[in-house]
Amino acid sequence: MASGVRRLGTLLRERLLDVLRLLDTVPAPRGRERTAAHRLRGWCADRWPHVAWQVLEHGPEGGSLIADHGAGPLLYSHLDTSLDRDGPGTPLVTGDTTPVGPLDVTGDRVTGFGLGVARGPVAAALVAFAEAGAGRLLLAGSGTHRRGGGITGLDAYTGSYPLPRSAIVAKCGPPTLLWHEPGALYLTVRVTGRSGAAMLAESATPPGGVIASAGVVLAELAHWRADYLAADPRTGQTGRACGIGAVSGGWPEKPDLLPARLRVDLYVVAGDPVEPKELAAGLADRLRARCARSALRDCAVEVEAEPVASAAATPADAPVVTAARTAWLDEFGAPPPPLTGWTGSTDGVVLRAHGVDTVRLGPQAGPAADDPRRDALSLTLLTAYARLYRRLLTESPA
């Protein structure tokens, strides 16, 4: 019996690696996953011809892989990676312009680009679904947060197919179960004065240009962030987070001109109900008061809010959560540990908004030791989550 279990584990591991190697060869940047979805569909059709694999196209270049075994919950993950390995935005975030290396397997450790964002859980979900013979699969395009992203794979799916009562989100995260996930929004801060010439500092408002006083704005944003986090009520499993993701102003090709506008973009996470417009208005008032006591006193200040999703929770005693607890205990030999203050959000909040009881679980990834742009995962752990997904597809309510 033990040797049979070992052989099954070895086969599952090899199938996971096959999927990961394929995904590593096909870029899937957000909104441009169609090529990857068709490539994966053909690959799956060759290996599991009894399953009707389909590509759901959406937007100009978006695409999702879907399949249906019939009764059972929806197993969800996403095809897109937050960054494009060779895209122009990647070095702006990573500060590294050198090529990213290919997938590497050394012992129990697999390292590669996008493994933690999606590809590790995608491989586990895909193999689990193919073997389960129950439930539905959605590997969605445009599952990562992005401004101006247009229609998402989940939007296209919910507009075309009926949703089940329950869903499992396969996504890297904490070593436990999540049935409560926070919402998120973007804030854009604009401080506008008057442009001028670098050779005539007094020609700009304020003198020297608005960017020269960026420290005033950034310092006040740091104080606001601290107050925002301190007010976190820590409801359920989730918490608050906030970070400045971009600071911009001026024209790099013409630094002899002093720009009129400073722009700061923030990403805000809220596990509790937060009204984006009220948050933006409060921050704007605070920044105006601080700027009035500085060289920026004659500048206009505005803050714009762009909601992404609202926090949402599934009842802790919902059947899919109960089934996940039981499966977790059987797989790992202990109950899932308690968690508070979690600040990562997925399309699970969207599924819950549609009335679908949803539980999220997945392996833990970290940056590769040799290149932080690549993620590292334990194959043993990834295999364990594939078994969990397979069991939940067959044992959870439809």
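Trainee: In this predicted model, where is the place of Thr358, and is Thr358 buried or exposed?
Mentor: Thr358 sits in strand β16, which covers residues 357-361. Leaving aside neighbours within four places in sequence, Thr358 is in contact with Ala167, Val169, Leu178, Trp179, Thr314, Val320, Gly348, Leu351 and Arg352. Its relative accessibility is 0%, and buried means under 20%.

Trainee: At what angle do helix α8 and helix α10 pack, and which word describes α8 relative to α10?
Mentor: Helix α8 spans residues 319-332 and helix α10 spans residues 379-395. Their axes are 10 Å apart and the packing angle is about 140°. Roughly antiparallel would need an angle over 145 degrees, so α8 is classed relative to α10 as oblique.

Trainee: Which residues of α10 make the contact with α8, and how many residues of the contact are charged?
Mentor: On the α8 side the contact is made by Ala323, Ala324, Thr326, Ala327, Trp328, Asp330, Glu331 and Phe332. On the α10 side are Leu381, Ala384, Tyr385, Arg387, Leu388, Arg391 and Leu392. By class, the contact of α8 with α10 has 10 nonpolar residues and one polar residue, and the number of charged residues is four.

Trainee: How do α4 and α10 pack, and what is the handedness of the crossing?
Mentor: Helix α4, residues 115-132, packs against α10 with the axes 8 Å apart and an angle of about 45°. An angle under 35 degrees would count as roughly parallel, so α4 and α10 are oblique to each other. The crossing of α4 and α10 is right-handed.

Trainee: Which residues of α4 and α10 make that contact, and how many of them are nonpolar?
Mentor: From α4 come Gly120, Pro121, Ala124, Ala125, Ala128, Phe129, Glu131 and Ala132. From α10 come Leu382, Ala386, Tyr389, Arg390, Leu393 and Thr394. The contact of α4 with α10 has two polar and two charged residues, and its nonpolar count is 10.

Trainee: Is Cys291 buried or exposed?
Mentor: The relative accessible area of Cys291 is 2%. Because buried means under 20%, Cys291 is classed as buried.

Trainee: What is the peptide bond from Thr205 to Pro206, cis or trans?
Mentor: Most peptide bonds are trans. Pro206 is placed in the loop between β10 (196-197) and α6 (214-230). Omega from Thr205 to Pro206 is near 0°, and the bond is cis.

Trainee: What is phi of Ser142, and what is phi of Arg234?
Mentor: Most residues other than glycine have a negative phi. Ser142 is in the loop between β6 (136-140) and α5 (153-160) and is buried at 2% relative accessibility. Arg234 lies in the loop between α6 and β11 (241-248) and is partly exposed, at 47%. Both values are positive: phi of Ser142 is near 55°, and phi of Arg234 is near 50°.

Conventions
Residues numbered from 1 in each chain as written. Predicted model: local features only at pLDDT ≥ 70, side-chain atom pairs only at ≥ 80, totals over all residues. Heavy atoms only, no water. Axes fitted to C-alpha atoms, helices over the stretch in contact; angles between N-to-C directions. Helix = DSSP H or I, 4+ residues; strand = E, 2+ residues; numbered from the N terminus. Parallel < 35°, antiparallel > 145°, perpendicular 65-115°, else oblique. Contact = heavy atoms within 4.5 Å. Nonpolar A, V, L, I, M, F, W, Y, C, P; charged D, E, K, R; others polar. Buried < 20%, exposed > 50% of the residue type's maximum accessible area, 1.4 Å probe, protein only. Left-handed = near helix turned anticlockwise from the far one by under 90°.
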